[in-house]
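Dear colleague,

I am handing over the structure below, and my notes on it follow. Please read them with the coordinates open beside you.

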Amino acid sequence: MSRARDLIGLSVLASPDMRPVGRVQEVLISRDGRRIRGLVLETGGLLSRRRVLDYQGVKAVGSTYVLAEERYLEDEAETRCGSALTGLPVLDGSGEELGMLDDLHFEPSTGEIHALQLSRGFVDDLLSGKAIVPLNGPAVTGEGAILLDAVAEREGGLWT
């Protein structure tokens, strides 16, 4: 499994001729918070158009490159910037805060998000490590918090 933060800065090569098309600047997440929908590529200048690579076209994610078909998202309406979610409190179904969202763990081949990495404060992170909460059910991503399904949270538990 990979972390969404590790995608930022990777060079993207488009098949079949492995032509460079840009670097990943931002990750776009589906509204339901369950999968990566697109990769925003750095633009070349002031007048260049925003380009968002459709994650379904991604063939491989390495440590320095993303290999993909040159296929772009037409509609970003059903997406959210991954960086906009970072720092939001993550709540369980009973309203208890589990920590602040630090990163997303996903399957590189599908873009499916499997877990949330949480920070519980600098000292706690240093002593215990960051918490990982598996996504076993729906997660509601609002403007001020992320709410996990209470049943799924109990089943999955909290592990580090």
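**A buried aspartate, an aromatic pair and a cavity**

Please keep in mind throughout that this is a predicted model.

I begin with a contact: the side chain of Asp92 makes a polar contact with the side chain of Ser94, at 2.8 Å. Asp92 itself sits in the loop between β9 (89-91) and β10 (97-106), and since its relative accessibility is 11%, under the 20% cut-off, Asp92 counts as buried.

Next come the aromatic rings, for which a search of the whole structure finds 1 pair. Tyr55 and Phe106 form this pair, which is edge-to-face, with 6.3 Å from centre to centre and 85 degrees between the planes. The pair links distant parts of the chain, as Tyr55 lies in the loop between β5 (51-54) and β6 (58-61) whereas Phe106 belongs to strand β10, 51 residues apart. Tyr55 counts as buried because its relative accessibility is 2%, and Phe106 is buried as well, with a relative accessible area of 1%.

Finally, the structure holds 2 cavities of 30 Å³ or more, and the largest cavity has a volume of about 60 Å³. The residues that line the largest cavity are Ile29, Gly33, Leu85, Leu101, Leu104, Leu116, Leu135, Ala139, Thr141 and Ile146, and the elements that give two or more residues to this lining are β10 and β13 (139-141). By class, the lining of the largest cavity has 8 nonpolar and 2 polar residues, with no charged residues.

With best regards

Definitions and conventions:
Residues are numbered from 1 along each chain as its sequence is written. This is a predicted model: local features need pLDDT of at least 70, side-chain atom pairs count only at pLDDT 80 or more; totals for chains, interfaces and linings use all residues. Side-chain values use heavy atoms; hydrogens and water are left out. Helices (H or I, at least four residues) and strands (E, at least two) are DSSP runs, numbered from the N terminus. Buried means under 20% relative accessible area, exposed over 50%, partly exposed in between (1.4 Å probe, protein chains only). A polar contact is a pair of N or O atoms within 3.5 Å; within protein, one must be able to donate a hydrogen and the other to accept it, and residues adjacent in sequence count only if both atoms are side-chain atoms. Rings of Phe, Tyr and Trp (its six-membered ring) pair if their centres lie within 6.5 Å; planes under 30 degrees apart count as stacked, over 60 as edge-to-face and the rest as tilted. On a 1 Å grid over the protein atoms alone, a cavity is a set of points where a 1.4 Å probe fits but cannot get out, and a pocket is an open set with protein on both sides within 12 Å along at least five of seven lines; lining residues have an atom within 4 Å of a point. Grid points are joined across faces, edges and corners, and a volume is the space filled by probe spheres set on the points. Ala, Val, Leu, Ile, Met, Phe, Trp, Tyr, Cys and Pro count as nonpolar, Asp, Glu, Lys and Arg as charged, and the others, Gly among them, as polar.
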